[in-house]
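Q: Could you take a close look with me at how the two copies meet in this model? I would enjoy a connected walk through that one part.

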Protein chains: 2
Amino acid sequence: MTRPHLLLGIDIGGTKTSVCLGGRDGAIHAARRLPTDPRRGPDDWLARVRHLADQVLAKAGRTLSDVDAVGLSCPGPMSVARGMMLGPCNLPGWDAVPAVDMLRGAFQRPTFINNDANAAALAEYLYGSRRGTPNLVYLTMSTGVGGGVVVDGRLVQGACDMAGEVGHFVLDPAGPPCLCGLRGCFEAFCGGLSVARRLQERIVRERRRTAILDEAGGDPERIDFRAILAAVRRDDPLALEEWDAFVERLAQGIGIVIMTLNPQAIVLGTIAIHAGDRLLGPVRERLPKYAWKTAIEACEIVPSALGEKIADLAALAVARTGVDEDAGRR
Amino acid sequence: MTRPHLLLGIDIGGTKTSVCLGGRDGAIHAARRLPTDPRRGPDDWLARVRHLADQVLAKAGRTLSDVDAVGLSCPGPMSVARGMMLGPCNLPGWDAVPAVDMLRGAFQRPTFINNDANAAALAEYLYGSRRGTPNLVYLTMSTGVGGGVVVDGRLVQGACDMAGEVGHFVLDPAGPPCLCGLRGCFEAFCGGLSVARRLQERIVRERRRTAILDEAGGDPERIDFRAILAAVRRDDPLALEEWDAFVERLAQGIGIVIMTLNPQAIVLGTIAIHAGDRLLGPVRERLPKYAWKTAIEACEIVPSALGEKIADLAALAVARTGVDEDAGRR
């Protein structure tokens, strides 16, 4: 009987960690979650992940000997070469965590790491609806705007694993402040958290009646992209106004990506999945202000088709790419 | 006696064409120029280039049999895969010129093509002061702003050979119009022609007395980057004001490149060579508004050290990279 060549994927976020077992083809055989609970520290987390992995393996009727490699998808900043997490803002105190060494020690398997947006771009390249597209950019469009860039079939890491941080290039130096410390960056205009906060403040300040508030159950604190989108669908004037500004800046940001990288595909996460053509139609209409026709025509702009599986697939993609590159198949 | 493995480089611009003979190491053995004279058409140009190449070879005491490959560096748009020039705006009427086939027919040697900014980036990667830097971006800072991107030691071409057109990403949709048809793109703010034109208009409109005009011999039409820079060195108020705006937008553009690609080096052409630290000092000071500290610290920003040889070296780099990639040494 041949070995099944499975991969173990670990996705760590500020609140949850997911552990999954899957094949090189992206088939997920089993997956489970636990709270990350960052205050208990990396060693405690490692012990719980190791335990959860046993459960995942048992559920799939497998053992660690069936696993070729372990992949960790984690928030940045981090160092791929040193296998370190370098103090992500949603994991306070995790300032120099040798995550790859820790996981390699626990699982005794080749272990690879990348940041979550890069890992998601790899997942799109390996498993997404535009898989195999040599030049592909993935943009998370969720609370923030993250990015991962694939060029000629390989992930672009850059000098210190910060390539693809397109969420923080500056669209307008006089624009709103961003949590990252810059002003007017792509995320400050188009990140879900930034958009929601500006709307909260405005609604409270102007005592505005708006369907956005209804969709948030009357609580300004609960305003998010889903509430805004639902209000857009109800033709709420404030929601339409905000949506228009959001679309315009999204087109500018995508235009910059197109002119810099000339990709065949840009795949958009979360909000684009929910909004579909309500978002992508208007973005395409406005793109000619922000990029050349030939480059726009060469680029498909699509919502991710990987849905909620993308985080697990991202971790598997990190494991698979690590194995492939170790085998000299770059 | 071993063959010398020489390369023939051809650089075509709107006014001049240069033909040079060089080694893989970037040593230029001989070079000559002729007027491009685009109205006489590609066939006439080819015959004159073929003739000039004979003179270049004779001058170096070589024959075509010593030449491994021919490289053509030309203005875009163009297709690397099809070896075609696709109607560059400074070669009117050259709409679908099969340049690679033509040159291969004339020289009977493997022939490769790339656009001039990409070719210059390759020249920096192979022969420049930061040669071998795996992630390097070259920005021409001359009449326009062109760009070429090297990632992990390979040129990024993109879907239709338009990668690296960073001169035309939009810094401000309400900014000045660009010759490319967009508004507020990097080149509209920082291209020498755009800067000079805005200054000409302003000086004439405001009947302004300024050292810029003195440096241009009293003729507003002759205002260019050199005149502006000379006036900056004389502390002319108008020149300082324009320089300040130029530096600010240059920092924004470079910030976008840094956040998107996280390169180890950005090499700047023409105006940066002339201005040196008068430009790069202030740009570095302002960068923290436009990019993250870690990514800025990872990136050297330097003027090109290749000087006027860059166009010839760019053409040689296209030939050399073509041969290397054909040999599977990607």
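This is a predicted model: local features need pLDDT of at least 70, side-chain atom pairs count only at pLDDT 80 or more; totals for chains, interfaces and linings use all residues.

A: In the contact, 35 residues of chain A touch 35 residues of chain B. On the side of chain A that touches chain B, α8 (237-261) and α11 (293-297) of chain A each supply at least two residues. The most comes from α8(A), which gives six residues to that side. Sorted by class, the residues on this side of chain A are 21 nonpolar, nine polar and five charged.

Chain A is superposed on chain B by a rotation of 180 degrees, with 0.0 Å of shift along the axis and an RMSD of 0.0 Å. The two copies are therefore related as by a two-fold rotation axis.

For a look at packing within one copy, turn to chain B. There, helix α3 (residues 116-127) packs with helix α12 (residues 310-326) at an angle of about 85 degrees, and their axes are 7 Å apart. Since angles from 65 to 115 degrees count as roughly perpendicular, that label applies to α3(B) and α12(B). From α3(B), the residues making the contact include B:Ala119, B:Leu122 and B:Leu126, while B:Leu313, B:Ala317 and B:Val318 are among those from α12(B). By class, this helix contact has twelve nonpolar, one polar and two charged residues.

Definitions and conventions:
Residues are numbered from 1 along each chain as its sequence is written. Chains are lettered from A and ligands numbered from 1 in the order in which they are written. Copies are superposed by least squares on the C-alpha atoms of residues with pLDDT of at least 70 in both. Two residues are in contact if their C-beta atoms, placed from the backbone, lie within 7 Å. Helices (H or I, at least four residues) and strands (E, at least two) are DSSP runs, numbered from the N terminus. Ala, Val, Leu, Ile, Met, Phe, Trp, Tyr, Cys and Pro count as nonpolar, Asp, Glu, Lys and Arg as charged, and the others, Gly among them, as polar. Axes are lines fitted to C-alpha atoms, for helices over the stretch in contact, and angles run from 0 to 180 degrees between N-to-C directions. Angles under 35 degrees count as roughly parallel, over 145 as roughly antiparallel, 65 to 115 as roughly perpendicular and the rest as oblique.
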